[in-house]
Amino acid sequence: MDLVQLQRQFVDYKTSLYHEGFLDEQFTQLQELQDENNPDFVVEVVSLFFEDSERLLNELARALEQQNIDYKRIDAHVHQLKGSSSSIGAQRVQKVCIAFRNYCEEQNVEGCLKCLQQVRHEYSLVKTKLESLFQLEQQILTAGGSFPM
Amino acid sequence: MGLKLQQSYHHSVTVKVNEQMGTKRGYTFIQANRAWLPKFLLLWVMVMAFLSTWIYKKMDADNKVRRKEVLSTMCDQRARMLQDQFSVSVNHVHALAILVSTFHYYKDPSAIDQETFAEYTARTAFERPLLSGVAYAERVVHSEREKFERQHGWTIKTMKREPSPIRDEYAPVIFSQETVSYIESLDMMSGEEDRENILRARATGKAVLTSPFRLLGSHHLGVVLTFPVYKSKLPPSPTEQERIEATAGYLGGAFDVESLVENLLGQLAGNQAILVNVYDITNSSDHLIMYGHQNQDGDLALLHESKLDFGDPFRKHQMICRYHQKAPTSWTALTTAFLFFVICLLVGYILYGAAIHIVKVEDDFHEMEELKVRAEAADVAKSQFLATVSHEIRTPMNGILGMLALLLDTDLSSTQRDYAQTAQVCGKALITLINEVLDRAKIEAGKLELETVPFDLRSILDDVLSLFSEKSRNKGVELAVFVSDKVPEMVMGDPGRFRQIITNLVGNSVKFTERGHIFVKVHLAENPKPMEDPKAETCLNGGSDEDALVSGARQFKTLSGYEAADERNSWDSFKHLVADEELRYDASVKMKAADEASQSVTLMVSVEDTGIGIPLIAQDRVFMPFMQADSSTSRNYGGTGIGLSITKCLVELMGGHISFISRPQVGSTFSFTTVFGRCKRASFSDTKKPNAEDLPSGFRGLKAVVVDGKPVRAAVTRYHLKRLGMLVEFANSVKIAASACGKNGSSCGSKTQPDIVLVEKDSWLSGEDGGLSLRTLDRQQNGHVFKSPKMILLATNITNAELEKARAAGFADTTIMKPLRASMVAACLQQVLGTGKKRQPGRGMLNGSSVLGSLLCGKKILVVDDNMVNRRVAAGALKKFGAAVECAESGKAALKLLQLPHSFDACFMDIQMPEMDGFEATRRIRMMESQANEQMNRGTEEGSIRTGEWHIPILAMTADVIHATYDECLKCGMDGYVSKPFEEENLYLAVAKFFKTKPISDS
């Protein structure tokens, strides 16, 4: 594919991610932190996020299956998830986390389960989106191009 | 009463206990027993009623006892006296009996006959006042009856005055006192009762009495007293038989008991008070009355009996006394009891009332407490809401600002750059405003604290102006700021609040001004010159009519030529100010030392507009909250009307006062004074504040000519250029400027040629030959070796056509849009002169990354966060600025790393972490440090060098923007906080407190 076209596609895709609310300005800041000394910073942080989130989601699912649900633990997990998602700018995940915490405070099992479902959904969405974004990036790099900001 | 007292005592005790224990709902004894209160009252009343009855009874009984005693005393006294009198009379009769026996029987012949007896008894009657009469009857046996009858010459008759039938014995009366002479010759033994009496008397030898009967003469009740008279002397202790045989006759007398008692009672006091009855009680079943009426009324309830002894052992008498009247009601007792009852009733009622009141007060108190709790909850909810909302606003605002920052990084024309920068500044101001919204609650609660930090007044004014530049440009209103040279470059105060005041005032002015200008002027309040202008005095509120009449035709010497409300800003006074400054500027250098000695500087700030003004009637409520001039104002112009009241509060907080002069349809001028601290030169030279704008110094020494017909506006332009270090000259019109240039250029080369010519759009358009002159100017320049001066057009608003025309006329270089700001002018000039050349990609970036880099470079920083991703991001951000970052994933790990001695320069701490949160970790770190410091101090006591104290700066990382969190941070020993995720400026502000800027060469 033509490099210019690739770059345009990349920009459009990224703009749509912002536009649809998958990412916010925090992701931009994250990208700003990436420089020559730290060329893979964004990918590194994001994969950390994936790793961490998957662990947390599993923990949450397990915690919610228990007979006596430990809401404090769930709240702590959701807080973690919220923190990391806000750090990389995955704001839709973050928003669901806020709702999740409210249900947690009310000790509402159904609400929590619903939220867990949503969080999983949002997470997988943002994961796919980010992965394809990185793929595009990789393609541009292999084509020898640079990134338009 | 005791019960009640105890209650109240108990009450106070419980209250105290409650206070001590700090229980929320202190139900006291009274409160707990509130339902019982009426019952207590009833019980109290009943007890008191019982008590007072008892008191009454007691007093009444006392009275009765006393009455009874009095009665018995009186009765006994009477009985004794009666007895005495009676026995005196009896003794007399006794004496008479002895007389009869002596002179009638022992003398022979008898010395007594009827005549003698009658006379004697009559003459001695005074001695027997109670006896109606006495008589003597002789004992005659039947065998001697004839002899006796013959001797006396009459027959013995019975009581019924009939000749006596034959009997064993007779006792005919032979001597009688005259008062009873009708009984002579009557046989005393013919009466049944008399006979018994006689027999009894002679058997006992003593006086005997009959039962009472009605006396023949007086019909009074009386008794007959009979005494035996013996013929011979009796032997000592004679037998009954001897007595009977020795009997010669009987002496009898009738006692008038009634008059006796009457007489007696008459002599005694208290006669009326009591009733006396005397009875013969020989027959115990049938009491015969001797004195007094059988059925007498009187007090039957109380009587006293006294025994009477009249000397006859056979007969028994008694006296019965009663009170005449019933015992009077005892008023004393009644009153006492009643009063007692009433008093107790009142006391009971008072206590009851007090208890009820206490209950009520306590109820109210609890209610208030509840309301207070609710109000506080509402307050908390409000601040929570504010925090949430502001957080929500911050997020998109950060997006906008980020995008703007990105935009500024791209290749932009100067106009585009200006727009983008303006947008960025506005966005930042909006964020500041959000924070101010948070503080508004504080103003209302009077808890606002003013900061004292050094700041650059001028750059703040520029910022505020840029906020409104878009609006004013659209309206065609000129917006300008002028700061007197004498105002110090840096002052100590609260820049945020100052900005808020200016923003409010200028915002108002922009809102209400459709033409003309808005002019912000700052000078030292000590300068008295403008006030001395007599014209200014006359033109205060209202102004003279003449002025108003000619105003249409006249050009005012104000900024835009429109009339202003306060003429102090017109050129007439303004030039004094400017000229004065120039004159005194050098002279005042000496004074400066004195000025700086004083700690504070008072500034006079005025904001002048040529808007619609404030109606006279509304002028006195301008500073009242929610009061706009009239209701149509808010319809036309919007706004809540709270701005000016807050402004006033702020000004007063800053130690100044605010006032205004306004003329309807002419304009308003708000002026306020404010006190700022002087900034010591040393303090602001080493701590660079981000709001102290760095103006490029590349223009120093350049020469500029300002072409402007309006001196005030020219002065403003010059002010901005002077800030850039340029030398400025005025020219009234393009012609003059051209000729001046020409002269300079042709005649003397020593004088520097102007580098820049700034032409006001008005001046250019008004001059018909504007274009021509410019061309000549240009040509002249071209003819010389000197490089041509750059031509710059100054305009408030300009149409495309005009722009084309201007380009054609020679303003090829650029057009600077008003309002002027030093930084913007600098940017434009940079573009025009070709200097700088993208030296600064953007102000924010310049201040942010480079300064941050210089701050953080080489510092060793510990990041503590349990969240892997957050940790990585934070570390990445800090590393970008050259810091060496180490990470810890929990509070405990951080503690381990921070064991003294360590080599960290700062620590960023997440607050919410499992096991040990940020607050707790900080507390432990501080504890550790203080222990180490103590030990160290002890070690180096003599040296007492305190430089080596351990205190690692700890900054909280939090997503909250609530002030409470910040307070909490400070409380547990943190030094500040940065919001998460990191933002460069925020980070810079937080870090700048601890690290001194290193020289750029270092980094």
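Predicted model: local features only at pLDDT ≥ 70, side-chain atom pairs only at ≥ 80, totals over all residues.
Let us begin with chain A. If you follow the chain from the N terminus on, the elements read α-α-α-α-α-α. Chain A has 149 residues, and 49% of them count as buried. Among contacts in chain A between residues at least 6 apart in sequence, 66% join residues at least 24 apart.

Now turn to chain B. Chain B has 1003 residues, of which buried residues make up 46%. For contacts in chain B between residues at least 6 apart in sequence, the share that joins residues at least 24 apart is 73%.

UniProt, in an unreviewed entry, places the feature "transmembrane region" at residues 36-56 and 331-352 of chain B. What is the secondary structure over residues 36-56 of chain B? That span is 95% helix and 0% strand, and its end C-alpha atoms lie 30 Å apart. Residues 331-352 of chain B are 100% helix and 0% strand, with 31 Å between the end C-alpha atoms.

A disulfide is a covalent bond between the sulfur atoms of two cysteines. How many disulfides are there over all chains? The count comes to one. Cys75(B) and Cys321(B) are its partners, with an S to S distance of 2.1 Å. This pair links distant parts of the chain: Cys75(B) sits in helix H3 (residues 37-105) of chain B, while Cys321(B) belongs to strand S12 (residues 317-323) of chain B, 246 residues apart. The torsion about the S-S bond of Cys75(B) and Cys321(B) is about 85 degrees, so the disulfide is right-handed.

Are these cysteines buried or exposed? A residue counts as buried when its relative accessible area is under 20%. Cys75(B) has 0% relative accessibility, so Cys75(B) is buried. Cys321(B), also with a relative accessible area of 0%, is buried too. Two further cysteines can be judged in this way: Cys344(B) is buried at 8%, and Cys972(B) is buried at 6%.

Let us now see a place where the two chains come together. The axes of helix H2 (residues 25-33) of chain A and helix H27 (residues 868-880) of chain B come within 9 Å and cross at roughly 50 degrees. Because of that angle, H2(A) is oblique to H27(B). The contact is made by Gln26(A), Leu30(A), Glu32(A) and Leu33(A) on the H2(A) side, and by Val873(B), Gly876(B), Ala877(B) and Lys880(B) on the H27(B) side. The crossing of H2(A) past H27(B) is left-handed.

An unreviewed UniProt entry gives His79(A) the annotation "modified residue: Phosphohistidine". You can find His79(A) in helix H4 (residues 71-88) of chain A. With a relative accessible area of 19%, His79(A) is under the 20% cut-off and therefore counts as buried. Which residues does His79(A) touch, not counting residues up to four places away in sequence? The answer is Arg101(A) and Gln912(B), one from each chain.

Methods:
Residues numbered from 1 in each chain as written. Chains lettered and ligands numbered in written order. Heavy atoms only, no water. Disulfide = S-S within 2.5 Å. Helix = DSSP H or I, 4+ residues; strand = E, 2+ residues; numbered from the N terminus. Buried < 20%, exposed > 50% of the residue type's maximum accessible area, 1.4 Å probe, protein only. UniProt positions renumbered as here; feature names shortened; annotations may be inferred. Axes fitted to C-alpha atoms, helices over the stretch in contact; angles between N-to-C directions. Parallel < 35°, antiparallel > 145°, perpendicular 65-115°, else oblique. Left-handed = near helix turned anticlockwise from the far one by under 90°. Contact = heavy atoms within 4.5 Å.
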